[in-house]
Amino acid sequence: MFKANTRGFTLVELVVVITILGILAAFAVPRFLSLDGKAREAAVDGLSGSVRSAASLTHSLWLVSNSPATITMEGNTITMTNGYPNLATINSTLADTTGFTYTAGTGVFTKDGAATPANCSVTYTAAAVGGAPTVAVVKTGC
């Protein structure tokens with residue numbers, strides 16, 4: 001009686017598995033390489049929506065409060081200019097700006113870790129008299 005010990009894989013089975021993994025990697029790796037940039041672009045889009053919403057909410061609160069020079073939101077004092085938050089206090093209207101650096105003098109939120117931070121940003125421009133603020137998004141360097 002001859003008993004064959006079959007432990008392990010044959011060389012052919014190993015070559016087939018390695019070939020399949022190589023083909024999958026050839027298609028998957030390029031897709032995964034661009035995901036970090038897409039994630040930063042999505043974060044910038046999300047922040048721009050948050051800034052727009054925060055400006056609208058503070059404007060609504062300002063109107064309801066009989067148009068004072070400052071309002072209080074979530075314990076933060078927000079200075080209003082033409083009925084909307086000014087550049088110095090728009091950052092205080094947002095609950096979370098993790099991953100962004102805000103420059104109060106220019107109203108620019110830049111994405112941390114971007115290839116070109118200046119080209120991966122959200123810019124808040126204070127409202128002019130009788131108008132609304134503008135929020136500009138740049139995603140060319142994310």
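Predicted model: local features only at pLDDT ≥ 70, side-chain atom pairs only at ≥ 80, totals over all residues.
Student: Where do C120 and C142 lie, and what does the pair tie together?
Tutor: C120 is in the loop between β5 (108-111) and β6 (121-125), while C142 belongs to the segment after β7 (134-138), so the link ties together parts that are 22 residues apart in sequence.

Student: Is the link of C120 and C142 right-handed or left-handed?
Tutor: The link is right-handed, with 95° about the S-S bond.

Student: And are C120 and C142 buried or exposed?
Tutor: Both C120 and C142 are buried.

Student: Switching to α2, what should its residues span, and what is the distance between its end C-alpha atoms?
Tutor: The 30 residues of α2 should span 44 Å at 1.5 Å a residue, and because the end C-alpha atoms are 43 Å apart, the two values agree.

Student: Which residues of α2 are buried?
Tutor: The buried residues in α2 are G37, R40, V44, L47, S48, V51, A54, A55, T58, H59 and W62.

Student: Why does T58 count as buried?
Tutor: T58 counts as buried because its relative accessibility is 0%, and buried means under 20%.

Student: What does T58 touch, if residues up to four places away in sequence are not counted?
Tutor: With those left out, T58 touches I71, M73, M80, P85 and T93. T58 itself lies in helix α2, which covers residues 35-64.

Student: Now the open sheet: what is the order of its three strands?
Tutor: The order is β1-β2-β3, and the pairing is antiparallel. Strands β1 (70-73) and β3 (84-85) stand at the edges with a single partner strand each, so one side of each is left without a neighbour in the sheet.

Student: How many bridges join β2 to β3?
Tutor: Two bridges join β3 to strand β2 (residues 76-81), and these strands run antiparallel. The bridge partner of T81 is Y84, in β3.

Student: Which strands does α2 touch as it packs on the sheet?
Tutor: Helix α2 touches β1, β2 and β3, and its direction makes about 120° with that of β1.

Definitions and conventions: Residues numbered from 1 in each chain as written. Heavy atoms only, no water. Helix = DSSP H or I, 4+ residues; strand = E, 2+ residues; numbered from the N terminus. Buried < 20%, exposed > 50% of the residue type's maximum accessible area, 1.4 Å probe, protein only. Contact = heavy atoms within 4.5 Å. Disulfide = S-S within 2.5 Å. Expected span 1.5 Å × (residues − 1). Pairing = 2+ DSSP bridges. Axes fitted to C-alpha atoms, helices over the stretch in contact; angles between N-to-C directions.
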